[in-house]
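Here is a short note on charged and aromatic side chains. Please keep the sequence and the structure open while reading the points.

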Amino acid sequence: MAASCVRRAVLGQTMSWFRISAGRSVRVRLTHLDNRQQSGGSVTSQSVEGKHSACWVKVSRHESISRNFQNTQRGGGGGGGGGGRGRVLWAAVAFSLFSSSDEDQRDEAQRKEDEMILLLKKAKLSVYRGQLQAASGFLHQAVVLAHQTHNNQAIIYTYSLMANLAYVQGQLDNAEKLFKAAMSFMLSGGTPQDDNAVIEMSLKLATIYAEQNKAELAEHGFRFCTESLEAKLQKQKELPAEEQTEEEETLRKETRLLLGLCLDSRARYRASTLHLNQAGQDYQRALDICRQEQGDTHPQTLVLMSDLATILDLQGRHDDALVLVQQAVDLSRSAEHPDQHVLLGNMAGILLHTGRLEDSVRFYQEALSLARQAGDQEAVDQIQEGLKEVKKRREEKKQQEEEAAED
């Protein structure tokens with residue numbers, strides 16, 4: 001049960017994928033590449049969690065195992081009373097000594113466990129404040145305590161947090177080693193290879209390889225994740241009706257959402273390598289999953305609609321892209337999407353590519369205002385680049401009209 005709880009804690013870092021968060025998030029979105037292709041100044045959908053965000057799930061306190069010592073049976077009898085009293089006294093003294101020692105050990109184990117939990121809380125607060133170096137220090141202290149107490153569940157959990165933190169700090173080699181260490185402890189502890197938490201870590205490794213331009217490792221990692229999840233979902237579908245419990249339904253949904261995340265992550269990678277047809281297929285599948293599991297107006301559904309529209313735009317299918325991104329923008333207004341400025345920026349970029357310069361400017365300006373209100377400087381910079389592109393095209397158009405008039 002304890003191992004299952006820890007796996008769910010680790011997996012919780014993935015399951016909040018479909019929650020778009022404004023400002024600082026509570027999770028590191030390790031599985032989404034930010035170096036997405038941009039074209040014509042359009043704002044491509046950014047990582048919807050904050051750059052310095054992390055997932056923190058409260059570590060369960062493992063109760064110390066206590067041992068029951070039985071009192072030594074007193075020697076009986078009237079004869080040799082002095083010896084009998086001596087044996088009783090010795091038994092009492094021995095019991096007192098062993099009990100005291102065991103109690104001290106339990107107290108020490110509890111003290112270390114309490115200290116470890118406090119360190120994890122401090123790390124969480126440091127991440128929230130953007131103090132990543134301090135958070136890293138607290139986590140290193142916590143993992144030392146986890147090793148000292150031989151608490152494998154705590155070791156796995158803390159390693160996964162350390163790996164996430166290393167990733168957002170750009171320490172990819174260190175993040176890779178930490179994820180592998182966490183996976184090693186999980187697998188050696190009997191966790192199945194197709195467990196969602198193992199697959200989620202494998203996905204993070206695949207994204208690291210993608211950022212390191214290790215194409216073969218990245219593709220292999222993405223393929224392992226998607227194929228493992230698809231096989232798992234097929235097995236769940238074939239379960240007899242009497243085994244279709246509420247717990248199985250929860251696992252099915254988690255597994256489908258994780259598959260959607262894998263497809264989304266691979267789509268981003270494939271888009272960055274200009275494999276647009278494959279990227280479009282992955283985005284479409286991820287979008288279908290999100291719609292089915294979360295609904296048409298869910299924030300992540302709208303982000304995926306915008307992402308797919310961006311791919312269609314890059315393929316020259318501007319009209320199809322415009323229809324899709326318009327739907328996303330309209331739904332984002334009614335749903336008060338926290339990243340509405342990103343969707344508006346994407347729409348402005350697509351309008352720019354269709355030659356509708358005035359409409360493009362209008363949406364860019366609205367996106368710029370919202371981006372500034374949200375404090376999203378990266379989006380502000382991208383939108384301003386888009387406005388520069390509009391100005392350039394206006395000047396080119398004016399020049400062409402003047403040349404045509406002279407002729």
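Does Glu 385 count as buried, partly exposed or exposed, and at what relative accessibility?

1. Glu 385 counts as partly exposed, at 44% relative accessibility. This value, like the others below, is computed from a predicted model. The partner of Glu 385 in a salt bridge is Lys 388, with 3.6 Å between the closest N and O atoms. Lys 388 counts as exposed because its relative accessibility is 54%, and the cut-off for exposed is over 50%.

2. The structure holds 21 salt bridges in total. One of them joins Arg 356 to Asp 359, at 3.0 Å from N to O. Arg 356 is partly exposed at 41% relative accessibility, and Asp 359 is partly exposed at 23%.

3. Another salt bridge links Arg 291 and Asp 296, whose closest N and O atoms are 4.0 Å apart. Please note the cut-off here: a salt bridge needs the nitrogen within 4 Å of the oxygen. Arg 291 is partly exposed at 29% relative accessibility, and Asp 296 is partly exposed at 47%.

4. Some salt bridges are joined into a network. Its members are Glu 219, Arg 266, Arg 270 and Asp 282.

5. Negative charge also gathers in a patch on the surface, made up of Glu 401, Glu 402, Glu 403 and Glu 406. Glu 406 lies in helix 14. Glu 406 is exposed, since its relative accessible area is 69%.

6. Turning to the rings, the count of aromatic pairs is 2. Tyr 159 and Phe 185 form a tilted pair, 6.1 Å from centre to centre and with 45° between the planes. Tyr 159 is in helix 4 (residues 152-168) and Phe 185 is in helix 5 (residues 172-188), so this pair ties together parts that lie 26 residues apart in sequence. Tyr 159 is buried, with a relative accessible area of 15%, whereas Phe 185 is partly exposed at 24%.

7. Phe 222 and Tyr 269 also form a tilted pair, because their ring centres are 5.8 Å apart and their planes meet at 35°. Phe 222 lies in helix 7 (residues 215-237) and Tyr 269 in helix 8 (residues 246-272), so parts 47 residues apart in sequence are tied together. Phe 222 is buried at 0% relative accessible area, and Tyr 269 is buried at 7%.

How values were computed: Residues are numbered from 1 along each chain as its sequence is written. This is a predicted model: local features need pLDDT of at least 70, side-chain atom pairs count only at pLDDT 80 or more; totals for chains, interfaces and linings use all residues. Side-chain values use heavy atoms; hydrogens and water are left out. A salt bridge is a side-chain nitrogen of Lys or Arg within 4 Å of a carboxyl oxygen of Asp or Glu. Buried means under 20% relative accessible area, exposed over 50%, partly exposed in between (1.4 Å probe, protein chains only). Patches are made of residues with over 30% relative accessible area and no salt bridge: like charges are joined within 9 Å, nonpolar side chains (Val, Leu, Ile, Met, Phe, Trp, Tyr) within 5 Å. Accessible areas come from the Shrake-Rupley method with a 1.4 Å probe; for residues, only the protein chains shown count as cover. Lys and Arg count as positive and Asp and Glu as negative; His and the chain ends are not counted. The place of a charge is taken as NZ of Lys, CZ of Arg, CG of Asp or CD of Glu. Helices (H or I, at least four residues) and strands (E, at least two) are DSSP runs, numbered from the N terminus. Rings of Phe, Tyr and Trp (its six-membered ring) pair if their centres lie within 6.5 Å; planes under 30 degrees apart count as stacked, over 60 as edge-to-face and the rest as tilted.
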